[in-house]
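User: Could you walk me through this one? I have not looked at it before.
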Amino acid sequence: MYSPTYAAPTTVDEAVGLLANASGSARVLSGGTDLIIQMRSGRLRPQTIVDIKNIAGTIGIREEADGWHVGAATPGAEIGENAGLCAAWPGVTEAVQLIGSTQVQGRASFAGNLCNASPAGDSVPGLVAAGAKAVIAGKNGKRTIPVEQVPVSPGRTSLAADEFIYEFIIPKSSGKTADAYLRFIPRTEMDIAVVGCGVCVTLDNNGVCTAAKVSLGAVAPTVLVVDAAAKALIGNKLDDATLAKLDAAAQAACNPISDKRGTIEFRTKVAGVLARRTAAIAFSRAAAR
Amino acid sequence: MAKTHVTCTINGEETEFLCDPNQTVLDVLRDDLGLTGSKEGCGSGDCGACSITVDGRLTCSCLMLGPEAEGKSIGTIEGVATGDHLHPVQSQFLKHAALQCGFCTPGLIVATKALLEKHPNPTDEEARYWLAGNLCRCTGYDKILAAVHAAAAEMRGESA
Ligand SMILES: Cc1cc2nc3c(=O)[nH]c(=O)nc-3n(C[C@H](O)[C@H](O)[C@H](O)COP(=O)(O)OP(=O)(O)OC[C@H]3O[C@@H](n4cnc5c(N)ncnc54)[C@H](O)[C@@H]3O)c2cc1C
Ligand code: FES
Ligand code: FES
C-alpha cells in the first residue's frame, strides 16, 4: 500500500533539508486542493510530503516598504478578507477568489495554483500582470524571480528539488495604476478557465496609458506575457483603435490546444475579447484613482 | 508504515488519533472516529458533502490530510446541535423540507452555519455563491435557499 511520509517543519531550513535529502520524490503541500486529488487518483505518489504551513510567514499578509508580502500558502479566503490588499490589487485578489468553492477557498493558495503549473491557473495571469515576484527558498538561501519564470511547461516548474516558494511580493500600487482579471468559463462558478486575462495599467491625468502589462492564461503551455498587447496600450487612450490593436495582439500571441472546453479558434477569439474587456476594467479603475 | 499521532479538538473535545499520512481527515472522521455524519460524495472537492470547519474556516475534509489536523479545532455536523436541541439551520432545513435523500444535508448544514456566522443577512446571490460547492441531486435547491433565509432570520432574532 502507498504510504508516504508526512513532515510539517517549522523553519525554512528544516523544510529545505527535508526536500534536499528526501529519498524518492518529495512534494510541497500548501492547501492540498490539487496535490491530494492527484495523490488519491494515483497520478502522483510522492514518498515525502513537506507541509510548509507551520513555517512562520507562509500564511498571512504583510504590507512592507517593498510591497505586499503574501505567504505562499495563504488561502484565498484569507486574501479576500484583507481589505488593504483587495483595494490595492482588485484584479489579483478577485482572480484568486475565483478558484473553486467556498470550501476550496478555505485552502487554495497562490503557490499551489502556480506550482501545479496548469496553464489555466486563475491566479497566475493576475499575479504576472501586477508584476508580482516569487521568493524561493532553497539550499543556497533565498532568490526572488518574476512569477512568470516559475512555470516551464504543463505540470513543471523551474524550481529545483530542494526549493519551495516561501512568499510572494506584490509591488505597492501607486498613482493611477490598477489591475483587472477576467476569465471565460461556460458556467458561472466552479469551472476551469477556457481563457484568463490579467491586465495592469498606469494612466496619466489625461487617461493616456503610460505603462501596461498584459498576461493571458490557458492559451499556451504556460502563462503568457504579451508585450505586443502592452505596446498597443502604451501611449494611447482606450479608444476603438487601441482596443482593436489590443485584440489583435492578444489573438496573435495565442498558441492554445483544442479540448472539451474550447477549440483553438474559439480560445483565440475569446482571448481577444477578454483582453478588451479586462483592459476596460483596468483603465476605469486606474482613472478613478 | 509508521502512523502519525495527531492531537486536535473535534467539536470542542480534545481528540487523539493515529493515522496514515495518506488518509484524509474525512477518512479519519468516518473510519477511525465513528463520526459518519460527514459524507464522501466525490473525494475530489466538488460536492461539499464532506464539509467541516477548521479553525472556523469552511473546508472539504476530503482535501485535507489527517496529520494536518494537528493542533487544529475541527467542527463537524455532529457538533452543530446542542444535545437534543437542534441548531436553527437544522430545524429550518426540516421545516422547509430542504432535503430528500439527505446525503448532501450534513455538508449543506455545516456550510450554511459558516455562511450565517459570517454574513447574518445574505442576499440570495450571496447564499447561492457561498453554497455553490455543495451539490444536491434531489431538491433543486429552492427549498434549501428558503431554509437558509429562514435560519438567517431566526438567528437574527426575527420571528420566522
Ligand atoms: C473543486 C475544485 C475547484 C477548483 N477550481 C479552480 C479554479 O476555478 N481555478 C483554478 O485555477 N484552480 C482551481 N482548482 C485547483 C486548485 O484549487 C488551485 O490550483 C489551488 O490554487 C491550488 O492551491 P493549493 O494550495 O491547494 O495547492 P497544493 O495542492 O498544496 O499544491 C499544488 C502543487 O503545487 C506544489 N506546491 C504547493 N505549494 C508550493 C510551494 N510553496 N512551493 C513549491 N511548490 C508548491 C505542490 O507540490 C503541488 O504540486 C480547483 C480545485 C478543486 C478541488
Ligand atoms: S467528498 Fe469532499 S467535496 Fe465531495
Ligand atoms: S437531498 Fe439528496 S443530494 Fe441533496
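Analyst: One term to begin with: a salt bridge here is a side-chain nitrogen of Lys or Arg within 4 Å of a carboxyl oxygen of Asp or Glu. In this model, which is predicted, Asp27(B) forms such a bridge with Arg40(A), and their closest N and O atoms are 2.7 Å apart.

User: How many salt bridges are found across the interface of chain B and chain A?
Analyst: The rule finds 5 salt bridges across the interface of chain B and chain A, and between these chains there are also 11 residue pairs in polar contact, both residues being at pLDDT 80 or more.

User: Which parts of chain B touch chain A?
Analyst: Strand E4 (57–60), helix H3 (105–118) and helix H4 (124–130) of chain B each supply at least two residues of that side, with the largest share, 4 residues, coming from E4(B). By type, the residues on this side of chain B are 13 nonpolar, 10 polar and 6 charged.

User: And how much area is buried between the two chains?
Analyst: About 2400 Å² is buried between chain B and chain A, and carbon and sulfur atoms give 57% of that area. Of the area that chain B buries against chain A, Asn22(B), Arg57(B) and Leu63(B) supply 26%, more than any other three residues.

User: Switching topic, what do the buried residues of H11(A) pack against?
Analyst: Helix H11 of chain A covers residues 264–287 and reaches 34 Å from its first C-alpha to its last. Its buried residues, among them Leu274(A) and Phe283(A), pack against strands E11, E12 and E13 and helices H9 and H10 of chain A.

Notes. Residues are numbered from 1 along each chain as its sequence is written. Chains are lettered from A and ligands numbered from 1 in the order in which they are written. This is a predicted model: local features need pLDDT of at least 70, side-chain atom pairs count only at pLDDT 80 or more; totals for chains, interfaces and linings use all residues. Side-chain values use heavy atoms; hydrogens and water are left out. Buried area is the accessible area (1.4 Å probe) that two parts lose on being put together, summed over both. A polar contact is a pair of N or O atoms within 3.5 Å; within protein, one must be able to donate a hydrogen and the other to accept it, and residues adjacent in sequence count only if both atoms are side-chain atoms. Ala, Val, Leu, Ile, Met, Phe, Trp, Tyr, Cys and Pro count as nonpolar, Asp, Glu, Lys and Arg as charged, and the others, Gly among them, as polar. The expected span of a helix is 1.5 Å times one less than its number of residues. Buried means under 20% relative accessible area, exposed over 50%, partly exposed in between (1.4 Å probe, protein chains only). Contact means heavy atoms within 4.5 Å.
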